[in-house]
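This briefing goes through one protein structure, topic by topic. Keep the sequence and the 3D view open while reading.

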Amino acid sequence: MDFMCDSLWDGRRYRLLNIIDDYNREILTVETDTSLPAMRVIRVLERLIEYRGLPEMIRVDNGPEFISERLDLWCKDKKIQLVFIQPGKPMQNGFIERFNGNLRRELLNAYIFKTIGEVRSMTEKWVDDYNNHRPHDSLNDKTPHDVYLQSISKS
C-alpha cells in the first residue's frame, strides 16, 4: 500500500491510496479522496477482504496513516503482519513505487482534473486497462488478471 498526492485544476489537493498484490502486480484498489485517514484505510481493507480474503502481510512506508494505533490493532486482530519499509528506502516497496510512477506519468500528469469524480472515473478505466489488457514482461507476458485466475484455478 502507498499514498500519492495531486491537485485538481483549482488547486484543491487530493490523495490516492494505492493497493497492489505483489504476487501478480494486480491493482486491488485506488481509493481517491481529499482525506484518507487510518479509519478509511481500514474500511478499504475490509472491503478488499470480502472478495479477496485476508492477506498474510501488508507492506507500507512509515506514513501517519500506516503507523496509527488503529491500523496496527486492526492488523493484529486479523492476524495480518504489517511490514514497514526502512525510512528513505522506497525500493523496499518497489512494486508499488513502480506502479505509482506509471499512474503518475500515464494518468495524473496526462490529464487536468476538475473534480474528484473525474479522477475516480479516469482512474477506474486506467486500472481496468492495467489489470486486464496489459501484458507484463515480469508475468511472462500475461496480464495481472490472467495470473490471478491461474492462481485460483490451482487452489
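Leu17 has Glu31, in strand 3, as its bridge partner. The structure is a predicted model.

**The hairpin**
- Strand 2 and strand 3 run antiparallel and are joined by six bridges.
- Six residues lie between these two strands, which form a hairpin.
- Arg25, in the turn of the hairpin, has a positive phi of about 65°.
- Strand 3 covers residues 27–33, and seven of its seven residues are buried.

**The parallel pair and its crossover**
- Four bridges pair strand 4 with strand 5 (residues 81–84) in the parallel sense.
- Within this pairing, Ile58 stands opposite Leu82 of strand 5.
- Between strand 4 and strand 5 the chain passes through helix 2 (residues 69–78), making a right-handed β-α-β crossover.

**The nonpolar core**
- In soluble globular proteins, nonpolar side chains tend to be buried together.
- Here the largest nonpolar core has 20 residues.
- The members that touch the most others are Met1, Leu17, Ile19, Leu45, Phe66, Leu71 and Trp74.
- At least two core residues come from each of strand 2, helix 1, strand 4 and helix 2.
- Helix 1 contributes the most to this core, with six residues.

**The largest pocket**
- The volume of the largest pocket is about 630 Å³.
- It is lined by 25 residues, of which Ile20, Asp21, Leu28, Pro55 and Met57 are the closest to its centre.
- Strand 2 (13–20), helix 1 (38–52), strand 4 (57–60) and helix 5 (144–154) each give at least two residues to the lining.
- Helix 1 has the largest share of this lining, four residues.
- Sorted by class, the lining holds 16 nonpolar, four polar and five charged residues.

**The second largest pocket**
- The second largest pocket has a volume of about 280 Å³.
- Among its 13 lining residues, Arg98, Asn102, Tyr130, His136 and Ser138 are the closest to the centre.
- Helix 3 (residues 94–108) supplies the largest share of this lining, six residues.
- The classes here are five nonpolar, four polar and four charged residues.

Conventions: Residues numbered from 1 in each chain as written. Predicted model: local features only at pLDDT ≥ 70, side-chain atom pairs only at ≥ 80, totals over all residues. Heavy atoms only, no water. 1 Å grid on protein atoms, 1.4 Å probe; cavity = no way out; pocket = protein on both sides within 12 Å on 5 of 7 lines; lining within 4 Å. Points joined across faces, edges and corners; volume = space filled by probe spheres on them. Nonpolar A, V, L, I, M, F, W, Y, C, P; charged D, E, K, R; others polar. Pairing = 2+ DSSP bridges. Right-handed = clockwise from strand over helix to strand, strands pointing away. Core = buried A, V, L, I, M, F, W, Y, C linked by side-chain atoms within 4.5 Å. Buried < 20%, exposed > 50% of the residue type's maximum accessible area, 1.4 Å probe, protein only.
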